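Welcome! Take a moment to look over the sequence and the fold, and then follow the strands and helices with this short briefing.

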Amino acid sequence: MSDPNVAEYFRPPVNRAMRSLDRAFFERIFPLSAAAVKEKKDIFPLKDVLNRSNDALNVPRMRPLQDVPGKLGSKCILLRPEIKHDCPSTWSPTLTEIANQARVDVIPFDLTLDYKYWSYDQIMSAIVPEENQEIYFPKRFTEVGHVLHLNLRPEHEPYKAVISEVLVDKSNRNIRTVINKLDNVGDENAYRTFKYEVLAGPDDLMVEHHEDGCVFRFDFAKVYWNSRLQQEHRRIVEKFQPGEAVCDVMAGVGPFAIPAGKKRVFVLANDLNPDSYAYMEGNIVANKVGKFVHPYNEDGHAFIRNATATLLEKSVSAGSIERLPKQKGGDSKRQSGPSRPKKLSVAHRPQVPSHFVMNLPASAIDFLPPFIGLYTRSPVQEALGGTDPRTLFAPHTPAQLPMIHVHCFSPKFPTTEKSEQEILRRISEKLQFNIDTNMMKALDGEIHDVRDIAPGKEMFCVSFRLPAEVAFRE
């Protein structure tokens, strides 16, 4: 186990005046001692011995086994900084014993570390002001394909050139471009795009991003994407069952719709942004989910009613090849006799949606009014052709009214309970129907805390079943 005190010893040189990255500045020589092993057969056994006695140097990303200076083929084991080659009183009994046995010579060793060795945090800690370092360089950022996306604050401004260059160098992935967001997503336009500046690399935001076995290609400058929502994408999609119908009201380039399609969930996926729609079309093809995911480019208010009517009007089916069950004594590939034909199953799209997803947290709650009288007003009423909409649902059929998953922002209140009460008040106002904590239980509801957005702002997802009193209101 590495010792934090030892790791602290190996700090980079400090330059608080650096504003343009000078990589050569960070080369530093650390005077150490080392146990030079005399016999090759003893190298690894003695390394283990010195590790157990806590004499060997143990620091992350640092090789304790080095070449002996001036002796080709000879190896030495780096020792902890407090062990001095010319002061045996600093040696442990174990090191003293193997030295007295003439199995090692304790020698001086100058260890050279340079810019490549130190991490992003270590380099930036050597540049920004020593006091309150946590405010002077960002530690949270988003990677989207080859692009790294920052939200810099005013105190980062003097260091942004250095920050971006170090991040490109130290990224574990193929980062080529670093950008800084210049405005708030959603505040400037309805498409949730933002103004940005390029801090490092080419101004190329056409990315290929992989998430949960799906590939997404899009121009990050023209559409909305947030990699920090990967867990939320997964959480929502896990609620969908194969063969269900889902209406994704603000689908973007498909982070909910595409993985749902791979689960054989029928998705009507909509986005107002023509670029999002175009890239979603491409992602549907790239991920081979065209039988299950159908894209739309409409206003979200209209889409809620139109998609519900579409499900009633148009029957869609999709075929899938089912694997043969395993046979006793081995799998189906090894069974004797003529091969059994594979069974083709056909999934038919339901007439009613099981879920509506509304991932537009800045304003999704404002899109709830179209659910009022959803099944009693145009165009759904026309699609019903005189059929009583209540007969589409339980107890007349196994289908239940759809679950609504609405994402929203909320100021941070003193308690979570207060935040939830305020969100439910806003939802109740838009639906003209009171949904409180008790009603949420009756509607299979939950309020999920998705993530913190800012010191005074949180993102939630409120899930509840559409009340019959709302859906069938005259």
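Two parts of the chain are in contact here when heavy atoms lie within 4.5 Å of each other. Keep in mind that this is a predicted model.

**Confidence**
- The protein chain has a mean pLDDT of 91, with 92% of its residues at 70 or more.
- Residues 321–337 are a stretch to treat with care: their pLDDT is below 50, and the model gives the stretch 17 contacts beyond near neighbours in sequence.
- Where pLDDT is low, predicted coordinates should not be read in detail.

**Strands β1, β2 and β3**
- Strand β3 (residues 75–78) pairs with β1 (residues 28–37) through three bridges, in the antiparallel sense.
- Strand β2 (residues 65–67) is also joined to β3 by three bridges, and this pair runs antiparallel.
- Find Ile 77 in β3: it is the bridge partner of Ala 35, and Ile 77 is the bridge partner of Leu 65 as well.

**The four-stranded sheet**
- This open sheet has the order β5-β6-β7-β8, and its pairing is mixed.
- Each of β5 (142–144) and β8 (196–200) has a single partner strand, so one side of each edge strand is left without a neighbour in the sheet.
- On average, neighbouring strands here are turned by 30 degrees against each other, direction ignored.
- β5 and β6 (residues 147–150) run antiparallel and share three bridges; Val 144 has Val 147 of β6 as its bridge partner.
- Helix α5 (residues 160–170) packs on this sheet, where it touches β6, β7 (177–181) and β8, and its direction makes about 65 degrees with that of β8.
- Which residues of α5 are buried? Among them are Val 162, Ile 163, Val 166 and Leu 167.
- The buried residues of α5 pack against α4 (120–125), β6, β7 and β8.

- β11 (residues 245–248) and β12 (residues 266–270) run parallel and are joined by four bridges, with Val 246 opposite Val 267 in β12.

Technical notes: Residues numbered from 1 in each chain as written. Predicted model: local features only at pLDDT ≥ 70, side-chain atom pairs only at ≥ 80, totals over all residues. Heavy atoms only, no water. Pairing = 2+ DSSP bridges. Helix = DSSP H or I, 4+ residues; strand = E, 2+ residues; numbered from the N terminus. Axes fitted to C-alpha atoms, helices over the stretch in contact; angles between N-to-C directions. Buried < 20%, exposed > 50% of the residue type's maximum accessible area, 1.4 Å probe, protein only. pLDDT = per-residue confidence, 0-100.
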